[in-house]
Amino acid sequence: MILSVQRRVHDAIAEAIRQRFGMPDVPPFAVEVPPTRAMGDLAVPVAFQLARTLRKAPRAIAQELAQAVGRTPGVARVEAAPNGYLNLYLDRLAFLVPRIRQQVQPDRAPTEKTIVEHTAINPNKAAHVGHLRNATLGDTLVRALRFRGTPVETQNYIDDMGVQVADIIVGFRELERRTMDEVRQIADSTRFDYYCWDLYSKVSGWNEGDKSRLAVRAAVLHDLEHGGNDTAAMGAFIVDRIVRTHLKTMARLNIGYDLLTYEGDILRLHFWTHAFETLKAQGAVFLQTEGKLAGCWVMRIEDGSAKASAERRDDVEPATDDDESREKVIVRSNGVVTYVGKDLANQFWKFGLLGLDFRYRLFATQADGRPLWSTTSDDGDPGAPPFGHAARIFNVIDSRQMYLQALLSQALRTLGHPTEAENSIHFSYEMVGLSHATARELGYETAAESEEAKKPFVEVAGRKGLGVKIDDLLDLLTAKASAEVARRNPEFTPGDCERVGAQIAVAAIRYFMLKYSRGKLIVFDIEEALSFEGETGPYLQYAVVRANNILNKLQEREGLSEADVLAVLDQTPADEMLGQGDSLEPGEDTLWALVFEASRLDEVVEQVVRSLEFSALAKYTFGLAQTFNAFYHRYPILNEERVDRKRWRAAGVAYVRAQLTRALDLMGIEVPGRM
RNA sequence: GCGCCCGUAGCUCAGUUGGAUAGAGCGGCAGGCUUCGAACCUGUAGGCCGGGGGUUCGAGUCCCUCCGGGCGCGCCA
């Protein structure tokens, strides 16, 4: 873990600048990691920034600073590079030994309670690859925040009152003429989410067949909202069963939650009514009296996105109400609140600004033993932990909803909560499409000359039943991986193969979802996702498994445990680590370069949380695994004859293994014992 | 029409708050398993970073503009 060292170096150089150049205000500057270890372990380009104000060449400034920086703990020497960089070389042993012994914990950033909301799948059909990206990003964010010590609450929003649920009820009632008992029986005897997947696409077709049929759906929606009738009972049953299938699917991916928030409870506990009063009182919404929106309560949409409003300057004339200043309907003229309204109430509640709270009941106990709570409108469990009251909120939701997410911030600002508006973060990412090849495999043919065939991808559409279900994908990956595991490990039982195969499948799919930056549309292709070679999750697991094997063999053959090796490091000549050995080169490929790279995990996590760009974590971990693979191919460990080298290498392997394991855990990937 | 995102090697993509010689995987070519597991490693070829202006000591990265592609902009969610 390297952040603490970077901070120390930063402060030492800032102090040197103040002293040497008499600058009370040092401009912000970065502490970087230079491209190769030959150039040093840390680098500071501050001389370039100071060149103008000091009217000196960067090189001269760097040289003066190299002199002026006093002895800094952990830093062996400071050099001015000819081009003006300030390069720092760490005191390797002082840096490494405590880290290898796991005596240096990651810095705990002082942070306040954070809520991450993700997954939020409509509870009316099976989960597909689009949902997969959402849940993987959300869960990885949760893990990254926890890693740095941030208290996180993970919420999964359940839209149990929406059109999609209504459609499924219409399907059972109108298309299949099912009674409640029959629905129950279907749920007990089929993969219910798959059954509903097919039914939903039938209903969509039925709805389109005759527009008057939408009245049936409207009636169902009405009954759902009012409750206390057969429709609501059937809806509640379906939602409960589907939610449980979703949770099961997510559990396969090592994804869990703290709280399920039900839209129905937001309505029944009158969250909206309460929020509405506040919004009216503050003038955030108003009753439109003319035009086509007459009779609706609307919110005026500020021009520009959230980004534009964040950058707004007072000196800029606010865009005069040009054309039609746009308005978003919050309450329809028939008095029914829109989705946005309910979301506003939910967001206020998350910040503890609503003045009302849910009641809670224990919903389930998750695989890792963590309890999963659910909101309820009934009495609730008095022993439930406190929820909500967060200082920051991440809503993980694809970029198509940017516009609506911006409204949440806007409302908070209008209501006089600028800090909460700033901390109301839309974690936006691009959607997942299907490659034409994969769509074809799913039996979806596009006419050769159609508009759709010319597009670069095929859109996932639950409405049309077009999409790759997560469970199908996991089954496919697991089968493939299990077969490979069986081939390589003849002594494994079928159960072993299945268990390890499942771990490999999760690694493959989670890594695949994380390796692209979030602004990139993923064109999902089954062939590609099934790969276990090259830049994939299984490659990463394999590197750790190899490290495990090396350390296990050291134990078996020589009776040396990892602890034994670490214990004697102090008495072991460190030529190998210091780069003083005969056959060693100063640059890459050395043990030092490997363990130094491994120490950067905390720095990478900080960067990832700052940028919400998990591809950086994926690439870092892959690069570290690659460096490690190359290292042990080049330098023997068990078969090294010189005992000092052997010890240091073994210690390095142990450290890299620990850091890789942590990095994989951040991505929700487990490491099998063997594979 | 307005807003957001994308354009980097044959293909799929990385490229840190602007910094040192533009990287990786796949595919191609040439090598490496009696040694700590070849889901691996080594070497090699392959790039006007979509085009054009600008800011800067320095631009793949920031600004403007154009081109190409995607997504939003509903009394749906």
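Modeller: A helix here is a DSSP run of H or I with at least four residues, and helices are numbered from the N terminus. The model is predicted.

Biologist: What makes a residue count as near the strand?

Modeller: One of its heavy atoms must lie within 4 Å. In this model 67 residues surround RNA strand B. The closest are Arg52, Tyr85, Ser517, Tyr542 and Asn549. By class, the surface holds 36 nonpolar, 13 polar and 18 charged residues.

Biologist: What part of the RNA faces the protein: sugar or phosphate, or bases?

Modeller: Both. Of the RNA atoms within 4 Å of the protein, 65% belong to sugar or phosphate, and the rest to bases.

Biologist: What makes the pair between Gln626 and a phosphate oxygen of RNA strand B a polar contact?

Modeller: The cut-off is 3.5 Å between N or O atoms. A polar side-chain atom of Gln626 lies 3.1 Å from that phosphate oxygen. The pair qualifies.

Biologist: Which base contacts use the protein backbone?

Modeller: Tyr632 is one of them: a polar backbone atom sits 2.5 Å from a base nitrogen of RNA strand B. Pro636 is another, with a backbone atom 3.3 Å from a base nitrogen. Both distances fall within 3.5 Å, and both pairs count.

Biologist: Why is Asn548 called buried?

Modeller: Buried means under 20% relative accessible area. Asn548 has 14% relative accessibility, so it counts as buried. This residue lies in H22. Leaving out residues up to four places away in sequence, Asn548 touches Arg657, Val671 and Pro672.

Biologist: Lys646 carries a charge. Why is Lys646 also called buried?

Modeller: The test is the same cut-off of under 20%. Lys646 comes in at 13%, so it counts as buried. Its place is in helix H28 (residues 643-666). Beyond four places in sequence, Lys646 touches Leu554, Glu558, Ile637, Leu638 and Glu640.

Biologist: Which residues of H2 are buried, and how do you know where on the helix they lie?

Modeller: They are Val46, Ala47, Leu50 and Ala51. Down the axis of H2, these residues fall within an arc of 145 degrees, so they line one face. An α-helix has 3.6 residues a turn, so residues three or four places apart point the same way. The cover over the buried residues of H2 includes helix H1 (3-21), strand E1 (42-44) and helix H3 (58-68). After H2 comes Arg55, with a positive phi near 55 degrees.

Biologist: What makes strand E3 (residues 86-90) largely enclosed?

Modeller: Of its 5 residues, 5 are buried, so the rest of the structure largely encloses E3. Leu86, Leu88 and Leu90 point one way, while Asn87 and Tyr89 point the other.

Biologist: How do you know that E3 pairs with E1?

Modeller: Pairing needs at least two bridges. E1 and E3 share 3 bridges, in the antiparallel sense. In one of them, Ala43 is partnered by Asn87 of E3. Strand E2 (residues 75-80) is also antiparallel to E3, joined by 5 bridges. There, Arg77 has Tyr89 as its bridge partner.

Biologist: Which residue takes a positive phi in the hairpin of E2 and E3?

Modeller: Gly84, near 115 degrees. The hairpin has 5 residues between the strands.

Methods: Residues numbered from 1 in each chain as written. Chains lettered and ligands numbered in written order. Predicted model: local features only at pLDDT ≥ 70, side-chain atom pairs only at ≥ 80, totals over all residues. Heavy atoms only, no water. Polar contact = N/O pair within 3.5 Å; in protein donor to acceptor, adjacent residues only side chain to side chain. Buried < 20%, exposed > 50% of the residue type's maximum accessible area, 1.4 Å probe, protein only. Helix = DSSP H or I, 4+ residues; strand = E, 2+ residues; numbered from the N terminus. Arc of directions from axis to C-beta. Contact = heavy atoms within 4.5 Å.
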